[in-house]
Structure formats: C-alpha cells, structure tokens
Amino acid sequence: VDAEAARSLFDANAAGYDRVNTLISVGLDARWRRWVARRAVTRPGARVLDAFAGTGLVGVECAVLGAEVTLADASPRMLARASAHAAERGVEVCEIVTDLTAEVLPLEPGSFDAVTLSFGIRYLDEPAGVLRRLGSLLAPGGRLVVLEFVRPTAGPVTAAASLYFFRLLPRIASRLAGRAELYGYLVTSVDRVGHVRDLEHLLVSAGYGVTERRTFGFGLVAGLVCHPRA
Ligand SMILES: C[S@@+](CC[C@H](N)C(=O)[O-])C[C@H]1O[C@@H](n2cnc3c(N)ncnc32)[C@H](O)[C@@H]1O
C-alpha cells in the first residue's frame, strides 16, 4: 500500500488498534516487543528509530530502556496514540509523520544505532529498497531489528494457531474493530511475507546479514536481528 492509503487506513483504525493487537496475539505481543527493544537498545542513550512505529509500542519500550527514540509513521493518529503511551510510561519520544517508502527520507544518514521495524514489512510494495534505505540511516555497527508475521512451518500446535490466525481472527477482529479491511489485509499480507526463511532471504537481498533469529506465537511471528553487510 502507498503512504496515502496507509495513512487513511491506519488513521481510521488508530483508536482500536492496540486492543485488536492484543486480541490478535492473545496478549503475547508485549513480550515480543520487549524482545525487540532489548535487542535494539544495546547501551543507554542508544539512538533508535522505530520505523512504521504505529502506536509506538516498540519505540516507547526502547525509551523505557534508556534509548533516545524517534518514531516515524505515515499516520498522525497512530502517532498521537504513541504520544499517549509515552506519557503513560513517563518517557519522551520524538515523532515524525512521513512516508517511509520515499526515495529520500527526512532523517540523517548514519544517525541511528538501531532501527526497529515491527509489523511493517508486509505493507511494502518494494520492501528491499525500503530496507536498504533504512539501513543507510544506521551508524557503523548499527542494527535493524525486525518483527513480522510469517507463515508457520508444520506442527499440531501450529496448525491450531494457524486456524485461529487465518480463519477465526479476521472475523473476530473485524467485528470488534468494525472494519474488515485491515484484518483481511493482515492475513493476505502474511502470504506476501511467506515463511521465516523467505523473510530472511528478503533481508539478505536488501544487504543485511541476519545474526539472530527466533520465532514467537507458535511460529506465527519471527524476530530477526540484522546488520548491514559491509
Ligand atoms: C501494522 S502497523 C504496525 C505498527 C507498530 N510498528 C506495531 O508494531 O504495532 C503498520 C504501520 O505502518 C504504517 N505505514 C504503512 N505504510 C507506511 C508508509 N509508506 N510510510 C510510513 N508509515 C507507513 C502505518 O501507518 C501503520 O501505523
């Protein structure tokens, strides 16, 4: 989707986003996000960009760990929720409303120690280019930490989790949120990302080396730590 479509979709869904998110992950997402934050904040005062920040749940967690955080997203209403989260947690974050798929980003190259990208890759029409440009924002030794839904590999628990995720959840979520399109897209977009090995392949093709990987939520979510290759 382009930035304009993302903005209207997420502005319209901002109010219910966190609630539905908790439902989608049966409350486990807080743990996944903390994992990302701990990987991103490698020292106090680390400069972290939370890209496709949404309501800022990852970025705010990084700020709580002592990072200097910038949140970037196309949706002002999602970022307004992020401000509220930061205030609740007693931290300060900087926010930028911008199209992160643009060729030129309003951010200084080499100015971040980490970029976090949670549940954003599947919205990208040309993910490799966006990932490469995000990589150029990293200082030497910097890292990209990715969290994304993936197609799970086999297993009985995974089969049950898939049933929940791919069949039941879109119905529940769209009823709860009153809007079907976002959650229908959630499921079809998982097909775009594919399995965790496809996600890794994408990151490698965008110039990264993957140094740490794990799956969460019965294999439905992947977390990857990546470094731009020299
Ligand atoms: C599913 S949400 C993920 C939010 C957050 N990272 C999280 O973990 O909950 C995807 C976010 O990407 C943003 N987005 C989509 N396309 C974008 C673009 N081209 N530029 C900037 N933000 C975009 C949307 O506004 C939305 O807030």
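Buried means under 20% relative accessible area, exposed means over 50%, and partly exposed lies in between (1.4 Å probe, protein chains only). The model is predicted: local features need pLDDT of at least 70, side-chain atom pairs count only at pLDDT 80 or more, and totals for chains, interfaces and linings use all residues. Residues are numbered from 1 along each chain as its sequence is written, and side-chain values use heavy atoms, with hydrogens and water left out.

**Exercise 1. The whole chain**

Task: State how many helices and strands the protein chain has, and what percentage of its residues count as buried.

Solution. 
- Step 1. The protein chain has eight helices and seven strands.
- Step 2. Of its 230 residues, 54% count as buried.
- Step 3. Residues 24 or more positions apart account for 70% of them. Contact means heavy atoms within 4.5 Å.

**Exercise 2. The sheet**

Task: Give the order of the strands in the open sheet, and name the strands that stand at its edges.

Solution. 
- Step 1. The order is E3-E2-E1-E4-E5-E7-E6, seven strands with mixed pairing. Two strands pair if DSSP finds at least two bridges between them.
- Step 2. Strands E3 (94–97) and E6 (208–216) stand at the edges. Each has a single partner strand, so one side of each lacks a neighbour in the sheet.
- Step 3. On average, neighbouring strands of this sheet are turned by 15° against each other, direction ignored.
- Step 4. Angles run from 0 to 180 degrees between N-to-C directions, and axes are lines fitted to C-alpha atoms, for helices over the stretch in contact.

**Exercise 3. Strand E5**

Task: Describe how E5 runs relative to E4 and to E7.

Solution. 
- Step 1. Strand E4 (residues 112–118) and E5 run parallel, joined by six bridges. Ser118 has Leu147 in E5 as its bridge partner.
- Step 2. E5 and strand E7 (residues 221–228) run antiparallel, again with six bridges. Leu144 stands opposite Cys226 in E7.
- Step 3. Strand E5 (residues 138–149) is mostly covered, with ten of its twelve residues buried.
- Step 4. In a regular strand, side chains alternate between the two faces of the sheet.

**Exercise 4. H5 against H8**

Task: Classify the angle between H5 and H8, and list the residues that meet.

Solution. 
- Step 1. Helix H5 (residues 127–135) and helix H8 (residues 196–205) have axes that come within 9 Å and cross at roughly 55°.
- Step 2. That makes H5 oblique to H8. Angles under 35 degrees count as roughly parallel, over 145 as roughly antiparallel, 65 to 115 as roughly perpendicular, and the rest as oblique.
- Step 3. From H5 come Pro127, Ala128, Leu131 and Arg132; they meet Leu202, Leu203 and Ser205 in H8.
- Step 4. By class, this contact of H5 with H8 has five nonpolar, one polar and one charged residues. Ala, Val, Leu, Ile, Met, Phe, Trp, Tyr, Cys and Pro count as nonpolar, Asp, Glu, Lys and Arg as charged, and the others, Gly among them, as polar.
- Step 5. The buried residues of H5 include Pro127, Val130 and Leu131. Those buried residues pack against strand E1 (47–51), E4, E5, H8, E6 and E7.

**Exercise 5. Glu68**

Task: Decide whether Glu68 is buried or exposed, and say which residues Glu68 touches.

Solution. 
- Step 1. Glu68 is in strand E2.
- Step 2. Its relative accessibility is 54%, so Glu68 counts as exposed.
- Step 3. Leaving out residues up to four places away in sequence, Glu68 touches Gly45, Ala46, Arg47 and Val48.
- Step 4. Glu68 and Phe112 are 44 residues apart along the chain, and 9.4 Å separates their C-alpha atoms.

Methods. Helices (H or I, at least four residues) and strands (E, at least two) are DSSP runs, numbered from the N terminus.
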